Amino acid sequence: MKIHYKKKQLTLNLILGLVWLANGVIQTVFNDNTRWFDYIWFLLSGFYLITHFYQKKEKYLTIENGVIKQNWPFGKKINLNEITRIKHFAGEYILKTTSQEMKINIDLIDKESLSNLKTELEKLNVEWV
C-alpha cells in the first residue's frame, strides 16, 4: 500500500521550481552584470523540481510485507510487528519501537491515503497515546 502526498504539496514544489527557474533565466539573460550568485537560482529550481518529481513517483510512505517505510533518501523503516506504541501529537503520528521511533507528518498525506494509513495502524494491537 502506498500513502500519497497531498496534491497541494506536489503542486507547491512544482510552482516554486518553475518560479526559481524563471527568476534564474531573468537574472542571467536580462542582466548586464551577471555574477556567480545569479546562477544559484538554477540550483534552487533544480532542487524543487527534483523534489516534485521524486515525491510524485515514490509517494510518502509504503506499507508492504509487514514493514512501513518512509520513501526519501534517508527514510526510516520499521517492522509493523515491532511497534509498541503510537502517539498522535501536533499533526504527527509517532510510531515507537523499543529501539527507534518514526515520525509521520499527517499534514503531508492525502485524505484518502490518511484514512488507509489510520486503518492499517488500527489493525495493530498497540497502545495509542
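## A buried histidine

His52 is buried, with a relative accessible area of 6%; here buried means under 20% relative accessible area, exposed over 50% and partly exposed in between, using a 1.4 Å probe and protein chains only. This is a predicted model, in which local features need pLDDT of at least 70 and side-chain atom pairs count only at pLDDT 80 or more, while totals for chains, interfaces and linings use all residues. Residues are numbered from 1 along each chain as its sequence is written, and side-chain values use heavy atoms, with hydrogens and water left out.

Helices (H or I, at least four residues) and strands (E, at least two) are DSSP runs, numbered from the N terminus. Leaving aside residues up to four places away in sequence, His52 touches Leu10, Asn13 and Leu14, where contact means heavy atoms within 4.5 Å.

## The mixed sheet

Let's turn to the strands. An open sheet of 4 strands runs in the order β7-β6-β5-β8, with mixed pairing. At its edges stand β7 (101-105) and β8 (127-128), each with a single partner strand, so one side of each has no neighbour in the sheet. Two strands count as paired if DSSP finds at least two bridges between them. The parallel pairing of β5 (residues 85-89) with β8 has 2 bridges, and Ile86 has Trp128 in β8 as its bridge partner.

Strands β5 and β6 pair in the antiparallel sense over 5 bridges, with Arg85 opposite Lys96 in β6. Their hairpin has 2 residues between the strands, and Ala90 takes a positive phi near 50 degrees there. On to β7: 5 bridges join this strand to β6, again antiparallel, and Lys96 stands opposite Glu101 in β7. The hairpin of β6 and β7 has 4 residues between the strands.

Strand β6 is mostly covered, as 4 of its 5 residues are buried. Helix α3 lies across β5, β6 (92-96), β7 and β8, and runs at about 30 degrees to β6. For that angle, axes are lines fitted to C-alpha atoms, for helices over the stretch in contact, and angles run from 0 to 180 degrees between N-to-C directions.

## The antiparallel sheet

There is also an open sheet of 4 strands in the order β1-β2-β3-β4, with antiparallel pairing. Its edge strands, β1 (2-3) and β4 (77-79), each pair on one side only. Within the sheet, β2 (residues 61-64) and β3 (residues 67-70) pair antiparallel over 4 bridges, and Leu61 stands opposite Gln70 in β3.

## Salt bridges

Side chains of opposite charge can pair when their charged atoms come close. The whole structure holds 4 salt bridges, a salt bridge being a side-chain nitrogen of Lys or Arg within 4 Å of a carboxyl oxygen of Asp or Glu. One of them joins Arg35 and Asp38 at 3.9 Å, N to O. Arg35 counts as exposed at 52% relative accessibility, whereas Asp38 counts as buried at 1%.

Another links the side chains of Glu58 and Lys57 at 3.0 Å, N to O. Glu58 is partly exposed, with a relative accessible area of 23%, and Lys57 is exposed at 61% relative accessibility.

Glu120 forms a salt bridge with Lys123, their closest N and O atoms lying 3.0 Å apart. These residues are 3 apart in helix α3 (residues 111-123), so about one helical turn separates Glu120 and Lys123. Lys123 counts as exposed, at 59% relative accessibility.
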